[in-house]
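Let's take a walk through a protein model together. Keep the picture open beside you and look up each residue as we reach it.

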Amino acid sequence: MVQNTPPTQGPTMSTSASALANKGVLAAIGISCVVVVLLIAGLILWICCRHRLALRRAPLAAPLAMVFTDIENSTMLWEVCGDDMGLAVEIHHAIIRKHIEEFGAYEVKTIGDSFMIACSSLGDAQLMC
């Protein structure tokens with residue numbers, strides 16, 4: 001007589017080993033979440049501190065002078081020079097920001113290739129230019 005026996009399966013985990021593996025996975029996920037939250041919090045803190053340090057240079061009282069920069073005929077230059085103009089604008093930004101730092105000015109905003117810069121006095125603005 002032939003008996004029907006279920007096929008044998010490979011080794012299985014005991015319930016305690018399975019529970020231990022699940023706890024390990026949960027711990028790894030928890031630690032990963034904590035690390036991500038700490039990284040995000042650190043990034044936010046760094047951005048806020050950097051902004052506050054930049055604001056320390058902003059002129060707070062009169063007299064102050066505003067400097068506006070612009071690359072002359074930049075639209076035509078973009079059409080003619082294409083990719084090279086991107087590098088030129090990066091160099092322009094680096095030079096202007098170096099002058100802002102050197103002369104204690106404050107970058108109010110940048111739009112395209114134009115800067116709006118605040119200086120503590122007309123003399124500072126003239127020196128920066």
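Start with R97, which is partly exposed, because its relative accessible area is 37%. For the terms: buried means under 20% relative accessible area, exposed over 50%, and partly exposed in between, using a 1.4 Å probe and protein chains only. Before going on, note that this is a predicted model, where local features need pLDDT of at least 70 and side-chain atom pairs count only at pLDDT 80 or more, while totals for chains, interfaces and linings use all residues. Residues are numbered from 1 along each chain as its sequence is written, and side-chain values use heavy atoms, with hydrogens and water left out.

So what does the side chain of R97 meet in a salt bridge? The partner is the side chain of E107, at 2.9 Å from N to O. A salt bridge here is a side-chain nitrogen of Lys or Arg within 4 Å of a carboxyl oxygen of Asp or Glu. R97 sits in helix α3 and E107 in strand β2, ten residues apart, and the pair links distant parts of the chain. Like R97, E107 is partly exposed, with a relative accessible area of 23%. Side chains of opposite charge can pair when their charged atoms come close.

A search of the whole structure finds two salt bridges. K98 and E102 also meet through their side chains, at 4.0 Å from N to O. Both of these residues lie in helix α3, four residues apart, which is about one turn of the helix. K98 counts as exposed at 53% relative accessibility, whereas E102 is partly exposed at 48%.

Now zoom out. The protein has four helices and three strands, and along the sequence they follow the pattern α-β-α-α-β-β-α. These elements are DSSP runs numbered from the N terminus: helices are H or I with at least four residues, and strands are E with at least two. Strand β2 (residues 106–111) runs antiparallel to β3, and five bridges join them. Two strands count as paired if DSSP finds at least two bridges between them. In this pairing, I111 has S114 of β3 as its bridge partner. The hairpin of β2 and β3 has two residues between the strands, and G112 takes a positive phi near 60° there.

Next, look inside. Ten residues make up the largest nonpolar core: A65, V67, I96, I100, A105, F115, I117, C119, A125 and M128. Which elements give two or more residues to this core? They are β1 (65–69), α3 (83–102), β3 (114–119) and α4 (122–128), and β3 provides the largest share, three residues. A nonpolar core is a set of buried Ala, Val, Leu, Ile, Met, Phe, Trp, Tyr and Cys residues joined through side-chain atoms within 4.5 Å. In soluble globular proteins, nonpolar side chains tend to be buried together.

Take V67 as an example. Leaving aside neighbours within four places in sequence, V67 is in contact (heavy atoms within 4.5 Å) with several residues, including F115, I117 and M128.

Finally, turn to the outside. Is F68 buried or exposed? F68 lies in strand β1 and counts as exposed, because its relative accessibility is 58%. L64, M66, F68 and V108 make a nonpolar surface patch of about 370 Å². Over the protein's 129 residues, 17% count as buried.

Terms used
Patch = residues over 30% accessible without salt bridge, like charges linked within 9 Å, V, L, I, M, F, W, Y side chains within 5 Å. Areas by Shrake-Rupley, 256 points an atom, 1.4 Å probe, with all protein chains shown as cover.
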